Amino acid sequence: MKTNDLDKSIIKKMADLQKGDIPEHLQMRWAARTGEEFNPNTYFSILTHLTLKPGYTLDYLYDYDRHYGGSPWLYARRTNRKPFSSYSEINKWRKRTSLLSFLITDGSADGFFQLSVLQKLGEQFYLFWHACYNDTVILTSSADLEEQIDYIMEGRFGASLSPEQITAMRHIPLKPEVEINTFSTDMTLTTFSNWGGLERARTTYRKKTPHLQEGTKILYRVKYNCEIVF
């Protein structure tokens with residue numbers, strides 16, 4: 001079953017949830033959280049076709065370095081365990097497992113769409129300085145693409161796009177597409193980054209839980225680099 005009839009409004013809703021300045025107390029190396037910061041579990045109020053494995057909660061360790069930047073490290077934590085407090089702890093966790101191991105879809109096309117959106121955008125909050133290299137936008141329509149093109153061509157950020165780049169971008173399909181097969185599900189998304197350009201890729205996930213990623217194929221790519229060096 002293949003479809004592009006998906007609830008794409010979740011992308012903007014996630015971005016709205018992520019808005020907010022970095023709390024002052026997090027602006028130090030591996031700072032302790034107080035509970036007043038952004039709570040990633042609020043994602044599930046929007047991603048209604050997606051749940052966490054029972055007994056777990058979505059948590060993050062915030063990595064801040066005034067010379068490098070700041071970004072969250074998202075992970076699934078047992079509700080009866082203490083949060084990670086160091087890079088070594090969370091790095092060990094990431095080496096042996098994946099957040100995808102703890103996310104469960106309802107089996108629908110929207111469920112796998114939401115899984116992919118969370119995977120790509122879940123850590124797009126409290127980004128600071130060099131961590132903005134990880135800033136990515138999911139494009140779902142020509143309006144989304146033109147907004148990115150206008151932003152660049154108005155001189156608001158870095159080098160201009162060439163006419164050839166713009167033409168190539170406008171010829172790439174933008175609608176997200178899900179194809180549910182017997183044992184796997186293919187999720188095709190188009191993304192844009194000021195540090196890499198436009199890319200349409202098909203990612204294959206296991207149909208049954210855990211929905212681990214089985215591979216990614218780049219279908220189209222238009223390279224772009226804003227040429228800004230922090």
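Visitor: How many salt bridges does the structure hold?

Guide: The structure holds eleven salt bridges. Keep in mind as we go that this is a predicted model. The general idea is that side chains of opposite charge can pair when their charged atoms come close.

Visitor: Could we take one pair as an example? Which side chain meets Glu 177 in a salt bridge?

Guide: Lys 2 is the partner of Glu 177, with 4.0 Å from N to O. Look at where the two sit: Glu 177 belongs to strand E8 (residues 177-180) and Lys 2 to strand E1 (residues 2-3), so this pair ties together parts that are 175 residues apart in sequence.

Visitor: And is each of them buried or exposed?

Guide: Glu 177 is partly exposed, at a relative accessible area of 23%. Lys 2 counts as exposed, at 52%.

Visitor: Where do Glu 199 and Arg 221 lie?

Guide: First, the bond itself: Glu 199 forms a salt bridge with Arg 221, with the closest N and O atoms 3.0 Å apart. Glu 199 lies in strand E10 (residues 197-206) and Arg 221 in strand E11 (residues 213-223), 22 residues apart. Glu 199 is partly exposed, with 24% relative accessibility, and Arg 221 is partly exposed as well, with 48%.

Visitor: Which residues are linked in a network of salt bridges?

Guide: Arg 33, Glu 37, Asp 59 and Arg 77 are joined in such a network.

Visitor: Now a helix, please. How do I read the buried residues of H1?

Guide: Start with the general idea: an α-helix has 3.6 residues a turn, so residues three or four places apart point the same way. In H1, the buried residues are Ile 10, Ile 11, Met 14 and Gln 18. Seen down the helix axis, these buried residues fall within an arc of 105°, so they line one face of H1.

Visitor: What do the buried residues of H1 pack against?

Guide: They pack against helix H3 (109-121) and strand E7 (137-139).

Visitor: At what angle do H1 and H3 pack?

Guide: The angle is about 35°, and the axes of H1 and H3 are 11 Å apart. H1 passes H3 in a right-handed crossing. On the H1 side, the contact is made by Ile 10, Ile 11, Met 14 and Gln 18, and on the H3 side by Phe 113, Gln 114, Val 117, Leu 118 and Leu 121.

Visitor: What comes just after H1?

Guide: There you will find Gly 20, which takes a positive phi of about 135°.

How values were computed: Residues are numbered from 1 along each chain as its sequence is written. This is a predicted model: local features need pLDDT of at least 70, side-chain atom pairs count only at pLDDT 80 or more; totals for chains, interfaces and linings use all residues. Side-chain values use heavy atoms; hydrogens and water are left out. Helices (H or I, at least four residues) and strands (E, at least two) are DSSP runs, numbered from the N terminus. Buried means under 20% relative accessible area, exposed over 50%, partly exposed in between (1.4 Å probe, protein chains only). The arc is that of the directions from the helix axis to the C-beta atoms. Contact means heavy atoms within 4.5 Å. Axes are lines fitted to C-alpha atoms, for helices over the stretch in contact, and angles run from 0 to 180 degrees between N-to-C directions. A crossing is left-handed if the near helix is turned anticlockwise from the far one by less than a right angle, and right-handed if clockwise.
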